[in-house]
Amino acid sequence: MKVLKKQKNSRYCIICGMDNNASVKAPFYEMEDKTIVSKFKFRDIHQSYPGRVHGGMITAMLDELIGRALWIDAPDTYGVTTNLSVKYRKAVPYGQLLVAVGKLTKNTSMFFAGVGKIFDENGDLLAEAEVNYIKLPPDKIQENLHADDEMIYQIDDGVTEIDMEKYKI
């Protein structure tokens with residue numbers, strides 16, 4: 001499936017921050033079917049039990065993924081999570097390529113909601129979430145927050161298509 005745009009990475013986010021040594025440094029791609037996709041690897045510093053990723057990191061990835069789905073049609077709109085439900089289907093490994101897919105299911109003037117899934121490279125579902133958000137301007141999220149000061153990395157990696165056959169949302 002065709003990638004329409006690669007979204008920017010932030011400086012310090014635990015999921016996409018390029019200046020955060022503990023970050024996953026995940027890329028996010030806007031797809032032609034209005035889904036958001038990330039191909040990424042968790043690392044051993046993200047573990048809970050040996051060989052598996054901490055549930056908090058899995059949840060953070062799904063929250064970031066679904067929140068970014070809003071930016072496909074509203075790139076200057078921000079939101080804060082109000083409710084999040086995660087189902088852990090299988091242990092999520094670190095050090096292996098994973099694919100996350102998310103999309104919006106609701107978008108109103110004040111709220112938005114979506115679903116997301118994390119798959120292994122074979123297409124096996126590892127975790128999924130439903131998340132609700134309230135829309136807020138950046139200065140209501142944090143005083144003196146200027147999103148343009150945080151979302152500064154536009155990294156061209158040459159990805160123009162992603163095979164989505166095994167990763168159904």
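Reply: Ser23 is buried, because its relative accessible area is 0% and the cut-off for that class is under 20%. In this predicted model, Ser23 is placed in the loop between strand 1 and strand 2.

The side chain of Ser23 has backbone oxygens around it. A polar atom of this side chain lies 2.9 Å from the backbone oxygen of Gly17, and the backbone oxygen of Cys13 is 3.3 Å from a polar atom of the Ser23 side chain. Apart from its neighbours within four places in sequence, Ser23 touches Cys13, Ile14, Ile15, Cys16 and Gly17, together with Arg43 and His46.

Whereas Ser23 is buried, Lys25 is partly exposed, with 31% relative accessible area. The backbone of Lys25 deserves a comment as well. Most residues other than glycine have a negative phi. Lys25, however, has a positive phi, near 60°.

A positive phi also occurs at Lys34, where the value is near 75°. Lys34 is found in the loop between strand 2 and strand 3 (36–40). With a relative accessibility of 46%, Lys34 is classed as partly exposed, since that class ends where exposed begins, over 50%.

Conventions:
Residues numbered from 1 in each chain as written. Predicted model: local features only at pLDDT ≥ 70, side-chain atom pairs only at ≥ 80, totals over all residues. Heavy atoms only, no water. Buried < 20%, exposed > 50% of the residue type's maximum accessible area, 1.4 Å probe, protein only. Helix = DSSP H or I, 4+ residues; strand = E, 2+ residues; numbered from the N terminus. Polar contact = N/O pair within 3.5 Å; in protein donor to acceptor, adjacent residues only side chain to side chain. Contact = heavy atoms within 4.5 Å.
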